[in-house]
Amino acid sequence: MPAFFGLARLNNMKIHKKLLLIYIFCVFLPITLSNYLFYAKITQSVKKEEQRNIELSLERLDNQLTRSFKEAAALSNNIYFSRSFYEGLDTTYQDNLDYTLNYGSYFRTPLIGVTPYFQYHFTINFYTDNPTVLNAGSVLRITPDIVNSAWYTQSFNTTSSHRDMFYFGQEVTGDGERLFSVIRKMNYFTSYSQYQKILKVDIRYNVLAEIFNSESTLGKFTLVDDNNRVIYSSLPQQPYLALFNAATVPDKQFTMTKNLTTFDSMTGYRIIGCYEESVFHKALEQPKKYVLLIALAMLLFATILIILISRSLYFRTRLLSRHMDKVDNQHFTLIEYPHVGKDEIGLLFHSFNRMIRKVKQLINDVYEAELRQKNYELESRQAELTALQSQVNPHYLFNVLETIRMKSVIKGELETADILSYMSKSYRRFLTSNREWVTVEEELAMIQEFLSIQKYRFEDEIDYSIEVEKNTLPCYIPSMVFQPFVENAFKHGIQGLDEKGLVSIRVYAEGDYLVFYIEDNGLGMKPEKLDQLLENVRAKEPQLNRIGMQNVFRRITFFFQDRFEFNINSREHEFTSIELKIPLCRKHPINGFDEN
């Protein structure tokens with residue numbers, strides 16, 4: 001499986017290359033692709049929104065145009081069903097004065113009533129063949145020119161059955177304004193049929209222009225009729241009343257068409273909007289900036305983060321690799337880097353340093369053990385040499401002591417005989433014993449002999465006590481490990497004391513340790529002298545004036561290393577106490593210390 005997935009090749013790649021691959025395929029490409037898809041979705045949404053805005057704009061134009069056309073048709077209906085207009089147009093007037101006098105009642109006043117705002121949107125004209133009317137104001141005669149005009153011909157030379165005829169002619173007013181007209185015959189009241197009557201309601205061209213200009217911010221517009229003729233256009237390429245030509249739409253523009261709402265005879269009219277393609281680009285500028293800024297921010301953040309992570313991983317793994325190379329070259333150097341961290345690599349750093357410390361400790365332990373062994377062997381040889389030197393004719397010395405003891409017994413000096421016996425036993429044990437380990441009972445027996453000799457020497461000037469737990473008597477200890485402290489208590493403690501000297505000895509078990517405690521009420525020591533004594537005892541170099549205590553300390557250090565406690569307390573002119581705690585050894589040690 002590893003070979004199938006290419007894991008073996010990945011395992012051979014550098015970490016920074018792996019991080020680069022992760023950055024490319026897990027950060028850069030996903031962010032770029034997601035933002036691209038997001039931008040594409042926004043583009044689609046914006047285009048739909050802009051298209052909807054255009055459709056709404058065309059709907060607004062449709063509503064406004066339809067409303068204007070319906071207003072013109074409603075105005076035409078109001079006039080069409082008003083009797084006064086029929087009566088005024090069908091009356092034969094006696095003269096111009098008679099017409100003038102009746103104009104207000106027949107036309108002006110009714111017009112004001114039906115079209116209070118016609119002067120702003122519409123122009124109303126009545127056409128009649130009544131010869132008695134004046135060809136002025138809103139009432140005009142049907143002259144040959146009128147009959148031949150395009151609007152007249154188109155309206156009344158048609159077979160259309162519609163009640164109203166919408167017509168867009170090429171008429172231009174005196175001020176150059178184009179007109180859109182609603183034209184119809186006035187034939188509702190058949191009783192007024194003496195003369196022909198025509199109603200023409202003109203929608204001012206500027207009304208259409210205002211309607212289209214209200215939406216000019218989005219584009220340009222063209223209104224065409226059912227014959228595809230241009231009725232209105234804000235495009236200069238589309239002439240008035242010419243056929244609409246889509247080919248004239250400029251490049252980078254597009255068109256959208258909306259059919260005008262059908263009513264009465266107005267069918268097939270269309271509004272054509274022409275828009276710049278840049279309208280979409282302008283609408284996309286802001287979202288494009290936001291998407292770009294978001295993408296750059298995400299990439300920048302991800303890049304900075306991956307760089308920091310890459311530096312953290314690469315630098316620390318490189319540092320660890322270099323120190324591993326040093327280990328290969330037998331250089332056991334700790335990694336002293338303050339920012340190792342608490343992640344997996346940081347744990348590797350801590351594990352590596354623990355390994356280096358352990359290796360150094362093992363090396364030091366082996367070296368120190370070998371050194372202690374050599375020193376012990378050297379000291380043993382020196383002791384053996386000293387013992388040999390002291391064993392000059394030992395049988396002669398023993399025979400002399402035995403002769404003196406027997407002489408003391410004959411004379412009845414039993415106490416002297418006992419002391420000589422103690423001295424003989426002690427001297428014989430010291431010279432003949434070469435054991436390194438003895439029992440507590442054997443050690444205390446030798447101490448008891450020494451104390452008896454001292455008691456004989458100082459008589460009532462000294463006293464001593466020994467307390468020992470019986471279960472500690474068979475325990476094994478290094479030989480002569482307690483006796484030197486007892487000797488020092490007499491030599492440096494109570495000897496020369498004005499009052500009675502007391503020495504107390506206690507031996508007891510405390511957990512897994514054997515405790516030897518001795519205290520005297522002798523001269524004591526000052527604090528600085530006590531510190532100097534401890535320094536001399538623990539010194540690595542031999543001290544000539546502290547051979548006994550230092551020898552004991554070095555021996556217990558050799559046997560027990562750091563698994564013992566040695567304390568000295570003293571107060572000048574009051575007391576001195578020594579406490580030694582060593583591991584409890586209930587079996588004879590074999591080939592060195594056995595804690596069991």
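Glu 443, Met 446, Ile 447, Phe 450, Leu 451 and Gln 454 of helix α13 make contact with Gln 483, Val 486, Glu 487 and Phe 490 of helix α14. By class, six nonpolar, two polar and two charged residues form this contact of α13 with α14.

As for the geometry of the pair, α13 covers residues 440-458 and α14 covers residues 483-494, and the two pack at an angle of about 15° with their axes 10 Å apart. Because angles under 35 degrees count as roughly parallel, α13 and α14 are described as roughly parallel to each other. The crossing in which α13 passes α14 is right-handed. An α-helix has 3.6 residues a turn, so residues three or four places apart point the same way.

Another helix, α3, spans residues 83-90, and six of its eight residues are buried, so α3 is largely enclosed by the rest of the structure. The buried residues of α3 are Ser 84, Phe 85, Tyr 86, Gly 88, Leu 89 and Asp 90.

Confidence in the prediction also needs attention: the protein chain averages a pLDDT of 77, and 79% of the residues score at least 70.

Where pLDDT is low, the predicted coordinates should not be read in detail.

How values were computed. Residues are numbered from 1 along each chain as its sequence is written. This is a predicted model: local features need pLDDT of at least 70, side-chain atom pairs count only at pLDDT 80 or more; totals for chains, interfaces and linings use all residues. Side-chain values use heavy atoms; hydrogens and water are left out. Axes are lines fitted to C-alpha atoms, for helices over the stretch in contact, and angles run from 0 to 180 degrees between N-to-C directions. Helices (H or I, at least four residues) and strands (E, at least two) are DSSP runs, numbered from the N terminus. Angles under 35 degrees count as roughly parallel, over 145 as roughly antiparallel, 65 to 115 as roughly perpendicular and the rest as oblique. A crossing is left-handed if the near helix is turned anticlockwise from the far one by less than a right angle, and right-handed if clockwise. Contact means heavy atoms within 4.5 Å. Ala, Val, Leu, Ile, Met, Phe, Trp, Tyr, Cys and Pro count as nonpolar, Asp, Glu, Lys and Arg as charged, and the others, Gly among them, as polar. pLDDT is the predictor's confidence in each residue, from 0 to 100. Buried means under 20% relative accessible area, exposed over 50%, partly exposed in between (1.4 Å probe, protein chains only).
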